[in-house]
Amino acid sequence: MNLYAALAGAALMLHVLWCAWVLLGWLFTRERRVLRWLHIASVCYVIVIELVPWMPCLLTVVEDRFAARAGFAPARGPFLVRLLDAIVYPSLPGWLVASGAVTACVIILGVY
């Protein structure tokens with residue numbers, strides 16, 4: 001395994017952790033003011049990257065670049081769509097997954 005393959009794997013793991021932070025961060029930020037605002041900003045960022053088609057997630061860009069340098073074919077489409085399509089919801093259209101992600105983020109913002 002070369003360095004770029006390891007970096008692509010690390011970027012993928014960071015991507016999974018980012019998704020967990022966005023979905024579950026509200027559980028850990030209620031009594032922590034700075035973390036709460038960081039989480040709100042993270043959720044708003046996800047809403048923007050899901051709704052604006054020309055703005056890719058920075059982690060997706062990094063992951064794709066490392067994968068390309070490692071000699072792997074870069075993944076196609078947004079990370080969330082790929083992840084859910086492969087694991088939970090095979091063959092769902094991307095717009096439906098993105099809509100679900102935005103809805104979840106709006107609900108999380110409602111918690112605050």
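**Notebook: a ring pair and a helix crossing**

I searched the whole structure, which is a predicted model, for aromatic pairs and found two. I opened the one formed by W18 and Y45: the ring centres lie 6.2 Å apart and the planes stand at 80°, so I filed the pair as edge-to-face, the cut-off for that being over 60 degrees. I then checked where the partners sit in the chain. W18 belongs to helix α1 and Y45 to helix α3, so this pair links distant parts of the chain, 27 residues apart.

Next I asked myself: are W18 and Y45 buried, exposed or partly exposed? W18 has 23% relative accessibility, so it goes down as partly exposed. Y45 also gets the label partly exposed, with a relative accessible area of 23%. Buried would have needed a value under 20%.

Two packed helices are described by the angle between their axes and the distance between the axes, so I looked up both. The axes of α1 (residues 3-24) and α3 (residues 33-51) come within 9 Å and cross at roughly 110°. That angle makes α1 roughly perpendicular to α3, because the class runs from 65 to 115 degrees. I also noted the hand: α1 passes α3 in a left-handed crossing.

Which residues make the contact? On the α1 side I listed W18, W21 and V22, and on the α3 side L35, L38, H39, S42, V43, Y45 and V46. My tally by type for this contact is eight nonpolar, two polar and no charged residues. A friendly reminder to myself: W18 and Y45, the ring partners, are both on the contact list.

How values were computed. Residues numbered from 1 in each chain as written. Predicted model: local features only at pLDDT ≥ 70, side-chain atom pairs only at ≥ 80, totals over all residues. Heavy atoms only, no water. Axes fitted to C-alpha atoms, helices over the stretch in contact; angles between N-to-C directions. Helix = DSSP H or I, 4+ residues; strand = E, 2+ residues; numbered from the N terminus. Parallel < 35°, antiparallel > 145°, perpendicular 65-115°, else oblique. Left-handed = near helix turned anticlockwise from the far one by under 90°. Contact = heavy atoms within 4.5 Å. Nonpolar A, V, L, I, M, F, W, Y, C, P; charged D, E, K, R; others polar. Phe/Tyr/Trp six-rings, centres within 6.5 Å; stacked < 30°, edge-to-face > 60°. Buried < 20%, exposed > 50% of the residue type's maximum accessible area, 1.4 Å probe, protein only.
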